[in-house]
Amino acid sequence: LLSGAIDETIIVWDPQQDWAPLKKLLGHKGHILSLVGVPGYAVSSSDEGTVIVWETKRWTLSQTLQDSQEEAVSHMSFAPRPGVLLCARDSNLLMFDTEWWSVVRTLPIPP
């Protein structure tokens, strides 16, 4: 189980150890806005516009996904088929392929 906070940290909680904090994940430079699980990974987003992919075996930073617009990524959703991560920003939706972690499509959000 993960929790994110306005202090830019993510806590990994261990249910087998009476919910003790297992690890603190650092890497964002803004408030954590969304967390989502993807097989083998946890993904976090923040108000400074980055999306971080964490490898869950060792809880290490795997990749930082960011583009030039630096808009807050307020919500994320994972679809196992076809294996995409959808990230919502103010002006558009980014669709990432979860095998290569690359943007496969950008969809505008209608007014």
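**Strands, cores and contacts in the predicted model**

Biologist: What is the relative accessible area of W13?

Modeller: W13 is partly exposed, a class between buried (under 20% relative accessible area) and exposed (over 50%), with a 1.4 Å probe and protein chains only. The model is predicted, so local features need pLDDT of at least 70 and side-chain atom pairs count only at pLDDT 80 or more, while totals for chains, interfaces and linings use all residues. Residues are numbered from 1 along each chain as its sequence is written, and side-chain values use heavy atoms, with hydrogens and water left out. For W13 the relative accessible area is 27%.

Biologist: Which residue is joined to the side chain of W13 by a polar contact?

Modeller: W13 belongs to strand 2, residues 9-14; strands (E, at least two residues) and helices (H or I, at least four residues) are DSSP runs, numbered from the N terminus. Not counting residues up to four places away in sequence, W13 touches L1, L2, S3, W19, A20, P21 and L22, where contact means heavy atoms within 4.5 Å. A polar contact is a pair of N or O atoms within 3.5 Å; within protein, one must be able to donate a hydrogen and the other to accept it, and residues adjacent in sequence count only if both atoms are side-chain atoms. At 2.8 Å, the side-chain partner of W13 is S3.

Biologist: Is R89 buried or exposed?

Modeller: R89 is placed in the loop between strand 9 and strand 10. Its side chain has a polar contact of 2.8 Å with that of N92. Because its relative accessibility is 5%, R89 counts as buried.

Biologist: How many residues make up the largest nonpolar core?

Modeller: A nonpolar core is a set of buried Ala, Val, Leu, Ile, Met, Phe, Trp, Tyr and Cys residues joined through side-chain atoms within 4.5 Å. In the largest one, V43, V51, M76, L85, C87 and W101 touch the most other members. Strands 4 (32-38), 6 (51-55), 9 (84-88) and 10 (92-97) each supply at least two of its residues.

Biologist: What is the order of strands in the open sheet of four strands?

Modeller: Two strands pair if DSSP finds at least two bridges between them. Five bridges join strand 9 to strand 10, and six join strand 10 to strand 11 (residues 102-108). Pairing in this sheet is antiparallel, and the order is 8-9-10-11.
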